[in-house]
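Thanks for coming, everyone. Please have a look at the sequence and the structure before I start talking.

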Amino acid sequence: MAQLDVNSEIAKVINDSPVTIFIWRPESGWPVEFVSENVRQFGYSPEDFLSGRLKHDDIIHPDDIERVRREVTEYSETDVDNFIQEYRILTASGETRCIDDRTIIRRDGDGNIQYYEGIILDISQRKLSEAIIDCRNQVLESLASGATLDEVLMRLVKSTGKIVPEAISFVMLLDKEKKHLIHVIAPHLPDFYKKAIEGLPIGDGIGSCSTAVYTGKRVVVEDIMEHPFWKGLKELAAKAGLRASCCEPIISSNDEIFGTFGMYFHKPHKPAKEELDILKANANLAAIAINNKRVLDSALESEQKLKIILNNVNDQIYISELDGKAIAVNQAVVDTLGYSKNEMLRAYPSDIIPSKDVHRVSKLMKEIETDGRAIYETEAIHKDGRKIPLEVSARFIIYDGKKTILSVARDIRERKRAERKRRLEEERLEALVKLNSMTGASLKEITDFAREEAVRLTESTLGYLAFMNADETALIMHSWSKSAMKECGIKNKHFVYPIKTTGLWGEAVKQREPIITNDYSLPNPMKKGYPGDHVELTRHMNIPIIDGDHIVAVAGVGNKVEEYNESDLRQLTLLMQGMWSLIQRKQIEDALKQYSDELKMANEELRSISRMKTEFIAERLEEIYGPEYSGRSVLDDEMIKAIDDQQAKAINSVLLNSARLKRLVNSLLYMSQEQAGKIEYTFSRTQVDKLISEAVMNLILLIDEKKITLEVDVSDGLPAIRSDKDKLTETLIILIDNAIKFTPEGGRINIDVSEEGDHLHLRISDTGPGIQKDLIPHIFQKFYQVEDSLSRMYQGLESSLYICKDIILAHKGEIWIESEKGKGTIFHIRLPMGIVEDDSHNLSKREMIK
């Protein structure tokens with residue numbers, strides 16, 4: 001199966017997003033049927049999988065593959081339709097990445113699995129951030145629990161070893177005179193090496209660590225054996241098996257250098273960005289630990305000094321009894337939750353956390369006493385009622401001679417918001433893919449899906465969809481979201497809203513651009529109010545759906561809890577554009593089917609009449625050659641004439657429907673080439689009278705058949721113009737054919753050309769019935785409505801007049817209509833003359849527009 005056919009806008013959104021989409025079969029190795037282009041972020045191309053060279057499980061880390069297979073099997077054997085996994089994959093270069101895989105199971109009607117859809121997000125950076133945060137929490141916990149500086153730094157070094165297992169992490173501190181490196185903390189370095197570097201002087205070019213401390217800048221040595229900094233220490237490093245190093249100076253917030261945090265590697269090594277990020281983060285943590293321990297050491301004699309330290313930590317710190325009652329809190333708790341310190345010291349867990357979490361947190365308190373520590377997430381209730389998500393790291397400590405629990409709580413609102421945004425983006429991509437696949441759905445199913453998804457994916461509580469009438473004077477309400485219908489108490493609802501009298505929600509039409517109102521209660525001159533029992537609005541966003549230069553509909557959502565933003569606007573726009581594309585496609589399909597059915601019926605009628613004529617003539621011939629034949633009667637002639645007339649009408653019907661079908665198909669082909677940017681123009685020196693003659697010759701039989709009088713008046717000596725002969729001829733054919741179609745039998749068509757300044761003015765007039773006034777502004781659109789409904793919206797494609805407008809605009813000309821009901825129609829074309837060159841130039845339509 002080749003790459004799925006998604007429209008260019010959706011493909012762009014998918015490939016611009018951080019997620020990669022896989023579709024694989026439930027077979028050995030999970031062969032891939034589809035993968036999005038942005039799989040290249042892992043070093044692979046879609047062809048690697050679609051060709052069969054790679055299967056999905058080929059890129060899963062060997063240590064994770066069995067677990068992933070087992071979990072997929074377990075989920076597949078249940079009735080769930082989606083599940084989430086976290087595992088590691090290998091990039092094309094062999095690098096390990098952590099990914100979050102949201103898998104959807106697609107089953108047939110019998111419950112058999114057809115394929116899996118996986119939305120894969122690289123969470124390596126998140127995992128790294130979590131590891132760094134955990135490391136930070138450990139340092140803060142150690143500081144708060146009274147651990148020595150050596151214990152804190154040792155924990156930091158060991159934590160780094162877990163994050164980067166191939167590295168040997170270490171810390172070296174400066175002596176009081178700031179001249180030598182002492183006090184090496186490195187559990188995995190050989191003792192002889194630590195002893196040898198103890199007291200190493202700092203200076204530029206004396207190893208990696210001394211240079212980093214001396215210069216105050218990071219030092220990276222990819223090969224110790226070849227780097228000049230290690231000239232005097234090369235043999236020592238070789239004996240310890242060290243071949244690469246990177247060192248980061250430990251610098252306090254006031255630019256004081258405390259020492260260095262470093263990593264050694266047993267092989268020549270160029271550190272990755274993630275490793276350098278860890279190095280930098282842990283050097284900062286070491287600086288915090290050293291600085292805080294210095295402050296703490298100087299504050300041991302005073303409890304007040306300890307409070308100063310705790311109150312300057314951004315994280316919330318609680319010390320509570322085993323039953324959860326707080327006995328000490330820092331200032332961050334007061335600032336974050338809005339309670340006074342006295343109120344917090346009288347509080348129990350049940351007072352500041354949601355009731356749903358009370359039992360779980362109480363159980364955790366008991367487990368902490370047994371296990372020593374726990375990390376969990378909960379929510380704290382602000383004094384004003386808001387819920388603030390927290391990540392809590394709690395451990396058992398002895399405080400003031402009593403058994404207590406120390407809890408370090410971090411406000412994770414931003415993280416939760418980011419996670420929610422990521423999930424929402426995944427769901428938005430899924431919705432766009434699903435909408436694009438709804439080709440067989442009904443019009444109601446398409447509009448209902450787009451409307452309800454617009455509400456859900458913008459996190460709104462209501463939405464609506466209204467279509468514009470032909471002359472853009474009124475909106476016709478199509479539907480409200482289910483949630484809005486439940487809330488609305490209006491019994492006699494209006495469905496037609498004149499634009500002139502609509503308020504704020506009609507501004508999207510008046511201004512022809514999206515309108516976001518994030519505080520609907522504020523006074524606004526554009527608001528007209530809404531009737532009693534109407535759904536109360538707090539926020540509102542709506543957009544015009546534009547096809548070409550015509551607004552065809554308006555979609556809106558309302559009452560999101562947070563403010564509407566550009567992401568919401570983009571999602572609503574993409575959903576509605578996708579919906580409109582599907583509606584257009586269905587209208588085209590309906591038009592083709594209608595004409596095909598009419599053509600089929602006309603053909604069947606023609607065959608039936610032919611059989612009648614054949615049988616009638618055969619019967620008459622038998623009578624002619626029979627013994628009693630005495631010549632054909634008048635009745636016979638009249639019968640044959642009647643059959644001929646009926647046959648002629650059937651033939652005309654076949655020809656008419658064939659022509660209509662041909663025009664529609666040609667328009668569709670043109671529209672397809674136009675959207676793909678494949679329409680090219682070849683300009684050359686052209687005489688207009690020759691183009692008119694060629695167009696007339698193509699239609700002379702139709703003109704003669706309807707006994708139409710054709711008059712062509714082209715002024716003598718008109719200058720040549722620069723044009724694409726074929727396309728301009730096609731334009732004239734369409735316009736003259738249009739005039740023939742609407743001119744009654746025996747009518748008249750006039751074609752004249754005259755020179756007006758630096759333009760040629762061409763007019764094609766007919767004596768047809770004319771065009772109704774309200775339809776004229778829309779006659780050149782691809783899709784326009786004869787009635788204010790969605791039942792017939794393909795007239796523009798059927799008439800091909802929008803093609804004429806495109807071609808004339810590409811010639812830098814203009815085209816317009818004059819018409820009055822009952823008095824015929826005049827098509828006007830003005831084309832610039834300018835300087836004409838003899839050579840031809842090929843220009844695509846995009847280049848012409850530029």
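First, the ground rules. This is a predicted model: local features need pLDDT of at least 70, side-chain atom pairs count only at pLDDT 80 or more, and totals for chains, interfaces and linings use all residues. Residues are numbered from 1 along each chain as its sequence is written, and side-chain values use heavy atoms, with hydrogens and water left out.

Now the overview. The protein has 25 helices and 30 strands. Both are DSSP runs, numbered from the N terminus: helices are H or I with at least four residues, strands are E with at least two. Of the 850 residues, 47% are buried. Buried means under 20% relative accessible area, exposed means over 50%, and partly exposed is in between, with a 1.4 Å probe and protein chains only. Next, contacts, meaning heavy atoms within 4.5 Å. Take those between residues at least 6 apart in sequence: 60% join residues at least 24 apart.

On to the strands. Two strands pair if DSSP finds at least two bridges between them. Start at strand E11, residues 257-265. How many of its nine residues are buried? Eight of them are, so to speak, covered. Strand E6, residues 168-174, runs antiparallel to E11, and six bridges join the two. Within that pair, Ser-169 stands opposite Met-263. E10 is also antiparallel to E11, with eight bridges between them. There, Ile-250 sits opposite Gly-259. E10 and E11 form a hairpin with five residues between the strands. Asp-255 in this hairpin takes a positive phi near 70°.

Next, an open sheet. It has five strands, in the order E13-E12-E16-E15-E14, and the pairing is antiparallel. Strand E13 (326-329) and strand E14 (373-381) stand at the edges with a single partner strand each, so one side of each has no neighbour in the sheet. On average, neighbouring strands here are turned by 30° against each other, direction ignored. Axes are lines fitted to C-alpha atoms, for helices over the stretch in contact, and angles run from 0 to 180 degrees between N-to-C directions. Inside the sheet, five bridges pair strand E12 (residues 316-320) with strand E16 (residues 402-411) in the antiparallel sense. Helix H14, residues 355-371, lies across E12, E14, strand E15 (387-399) and E16. H14 runs at about 155° to E14.

Now a helix pair. Helix H22 (residues 725-742) packs with helix H24 (residues 801-810) at an angle of about 145°, and their axes are 9 Å apart. Which residues meet? From H22 come Lys-727, Leu-728, Thr-731, Ile-734 and Leu-735; from H24 come Leu-801, Cys-804, Ile-807 and Ile-808. They divide into seven nonpolar, one polar and one charged.

Salt bridges next. The rule is a side-chain nitrogen of Lys or Arg within 4 Å of a carboxyl oxygen of Asp or Glu. The count comes to 51.

Glu-427 bridges to Arg-102, with the closest N and O atoms 3.8 Å apart. This pair links distant parts of the chain: Glu-427 is in helix H15 (residues 413-436), Arg-102 is in strand E4 (residues 96-107), and they are 325 residues apart. Is Arg-102 buried or exposed? Arg-102 counts as buried because its relative accessibility is 17%.

Arg-218 bridges to Glu-248, the closest N and O atoms being 2.6 Å apart. Arg-218 lies in the loop between helix H7 (207-215) and strand E9 (219-221), and Glu-248 in strand E10 (residues 244-251), so the pair ties together parts 30 residues apart in sequence. Arg-218 is partly exposed at 36% relative accessibility, while Glu-248 is buried at 6%.

Lys-823 and Glu-820 form another salt bridge, at 3.6 Å from N to O. Lys-823 is exposed at 62% relative accessibility; Glu-820 is partly exposed at 45%. Salt bridges that share partners also build one network, joining Arg-102, Glu-427, Glu-430, Glu-453 and Arg-456.

His-183 has a positive phi, near 55°, in a residue other than glycine. His-183 is in strand E7, residues 180-185, and counts as partly exposed because its relative accessibility is 33%. Lys-707 also has a positive phi, near 50°. Lys-707 is in the loop between helix H21 (688-705) and strand E24 (709-714). At 55% relative accessibility, Lys-707 counts as exposed.

That is the tour.

Methods
Nonpolar A, V, L, I, M, F, W, Y, C, P; charged D, E, K, R; others polar.
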